[in-house]
Amino acid sequence: MSAVAWHRDAERAVVASVLLSPDCYDRAELDPADFRDPKHRAIWAAFGRLRHAGEAIDPVTVDVALGDRSLAVGGVAYLADVAGDVSRSDVTPANVESYARAVREAALTRRIHEAMRGALASGLEGEELLGACYAAVTSAESRARDDARELGEIVTARVTLARRVTIRS
């Protein structure tokens, strides 16, 4: 993987944001596969399980949700250290969408690189190779478009709800 395809600080910042403000999980709109660091991937999956079960998200509950993976992630100590990034730096839950965008962009770049490597390693040549490369990029682009469409629908729904609340007030 190229260093360009990983934003370690953005991954940590989005995880820290959720640990301090669990509503950031919904605002981030990320999948565990969007994270390059296996620790962050496991933590994000645990966030999802907790959020969907209506449980609290904090270092202790996440550690419990990690189960056998807790030790590999670093346990409560790592989670508390990541959460502490907010007090030690400019990381703020208010910027979670920006951190998440950087994570998504890096994930898209990795997917494109992986797909292109696969196409190049296939032994195809000429137009067949071009077709395989085009299919690989189109597939990665389609996922990004689907994510953008879903985000647009969520924003539209929230704006509509906010307008209804404002009109009733």
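At roughly what angle do the axes of helix α1 and helix α8 cross? They cross at roughly 140 degrees. This is a predicted model, in which local features need pLDDT of at least 70, side-chain atom pairs count only at pLDDT 80 or more, and totals for chains, interfaces and linings use all residues. Residues are numbered from 1 along each chain as its sequence is written, and side-chain values use heavy atoms, leaving out hydrogens and water.

**Terms**
- Helices are DSSP runs (H or I, at least four residues), numbered from the N terminus.
- Axes are lines fitted to C-alpha atoms over the stretch in contact, and angles run from 0 to 180 degrees between N-to-C directions.
- Contact means heavy atoms within 4.5 Å.

**α1 with α8**
- Helix α1 covers residues 8-20, and helix α8 covers residues 96-121.
- Their axes come within 8 Å.
- From α1, A10, E11, A13, V14 and S17 meet V96, Y99, A100, A102 and V103 of α8.
- By class, this contact has eight nonpolar residues, one polar and one charged.

**α1 with α3**
- Helix α3 covers residues 38-52 and packs on α1 at an angle of about 30 degrees.
- The axes of α1 and α3 are 11 Å apart.
- α1 and α3 are therefore roughly parallel.
- From α1, E11, R12, V14, V15, V18 and L19 meet H40, I43, W44 and F47 of α3.
- By class, the contact of α1 with α3 has seven nonpolar residues, one polar and two charged.

Notes
Helix = DSSP H or I, 4+ residues; strand = E, 2+ residues; numbered from the N terminus. Nonpolar A, V, L, I, M, F, W, Y, C, P; charged D, E, K, R; others polar. Parallel < 35°, antiparallel > 145°, perpendicular 65-115°, else oblique.
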